[in-house]
Amino acid sequence: MDEKQKQQLWTKMKEAVIKGDNQAAVELAKEAIQLKLDLTETIEKGFVPGIRRVGQLWEEGEYFLPELISSAECMKQAMAVLQPELTKNKDSLETKARIVIGTVEGDIHDIGKNLVSSMLQANGFEIIDLGADVKLEKFIATAQEKKADFICLSALLTTTMTGQQRLIEMLKEQRLREKFKVVVGGAPVTAQWAESIGADGYGENALAAVRIIEQLTRQRREK
Ligand code: B12
């Protein structure tokens, strides 16, 4: 498949998410698998731009909550088709590190977090996904119990970003800060914010998340 055909397929994916057309999104996801396309690229260049456009339409007052929900559902259905393929054949890979991930309390957005989870899993990391609206105490308890290397926190609301900061403070209070690397992300989160709260890393998208976590894992091993 040449670049132009790929672009056309990505456009169709984007449109399916914008329209909230579940059937089309699922078919397109299956098509990408059949064509043996790079699924990471398919997600980031096809489906993600769709949900981002939906975000803009909502900001512009063109879309309301029902449209948002149906586009989010559409995105999930496409991901449900792609996820098993992404993680296929990865069983034999050596686990690079163990990661506890979730969306912080008060925040139910989980599409971005799920993408990050899938991509990390596809790259050989062991993932313990706590879901969305997760109590900060639960992140810490699970990370301790499972002897995790990383705690990854997603936040999509400016009001819940503070949960990322709070978790780092809690780790310090409990003298656990050195035990876990904390990586943060989510649409309102920036590298500056990550630095200001003392996080170990930040990723602006799922690929960047994999990159930073691989880098931190290497640093950890070299120590
Ligand atoms: C879809 C959506 C919803 C869906 C969520 C469905 C679901 N299951 O997730 C529904 C309809 C339920 C929803 C609800 C609400 N939403 Co909403 N929603 C969105 C929307 C349009 C898209 C979010 C999304 O999925 N993006 C696509 C994914 C792929 O991108 P992403 O999440 O940013 O994730 C990527 C990166 O950020 C990064 N990443 C994400 N997490 C992590 C974690 C780590 C560790 C790392 C390294 C990287 C990383 O990688 C991801 C992949 O590339 C955004 C608009 C926007 N601009 O973001 C609003 C938005 C986030 N929502 C908003 C609001 C206000 C709400 C509601 C309060 C609305 C209401 N009045 O009820 C509720 C929130 C309820 C709650 N308590 O959480 C606001 C937030 C405003 C703010 N500044 O705080 C936004 C920005 C829209 C807006 N402009 O007003 N929403």
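How many residues of domain 1 are in contact with how many residues of domain 2? Eleven from domain 1 meet ten from domain 2, where contact means that the C-beta atoms, placed from the backbone, lie within 7 Å. On the domain 1 side, α3 (39-59) and α4 (65-87) are the elements that give two or more residues, and α4 gives the most, with seven. That side divides into six nonpolar, three polar and two charged residues. Here Ala, Val, Leu, Ile, Met, Phe, Trp, Tyr, Cys and Pro count as nonpolar, Asp, Glu, Lys and Arg as charged, and the others, Gly among them, as polar.

A word on what you're looking at: this is a predicted model, in which local features need pLDDT of at least 70 and side-chain atom pairs count only at pLDDT 80 or more, while totals for chains, interfaces and linings use all residues. Residues are numbered from 1 along each chain as its sequence is written.

Domain 1 covers 3-87 and domain 2 covers 98-222, with bounds from an automatic or database domain assignment. Their centres, taken over C-alpha atoms, are 25 Å apart.

Now for the sheet. Its five strands run in the order β2-β1-β3-β4-β5, open and with parallel pairing. Strands (E, at least two residues) and helices (H or I, at least four) are DSSP runs numbered from the N terminus, and two strands pair if DSSP finds at least two bridges between them. Because β2 (126-129) and β5 (201-202) each have a single partner strand, one side of each is left without a neighbour in the sheet. β5 pairs with β4 (residues 181-185) over two bridges, and V183 stands opposite G201 in β5.

Helix α7 (residues 158-173) holds L167. This leucine counts as buried because it has 23 C-beta neighbours inside 10 Å; the cut-off is 20 or more, with C-beta atoms placed from the backbone. Leaving aside neighbours within four places in sequence, L167 is in contact with L136, F139, L153 and V182.

Finally, the ligand. Of the 37 residues around the ligand, G55, G112, S154, G185 and G203 come nearest; to belong here, a residue needs its C-beta atom, placed from the backbone, within 6 Å. α3 supplies the largest share of the shell, six residues. The shell residues divide into 22 nonpolar, eleven polar and four charged.

How values were computed. Two residues are in contact if their C-beta atoms, placed from the backbone, lie within 7 Å. A residue is buried if 20 or more other C-beta atoms lie within 10 Å of its own, exposed if 12 or fewer, and partly exposed in between; C-beta atoms are placed from the backbone.
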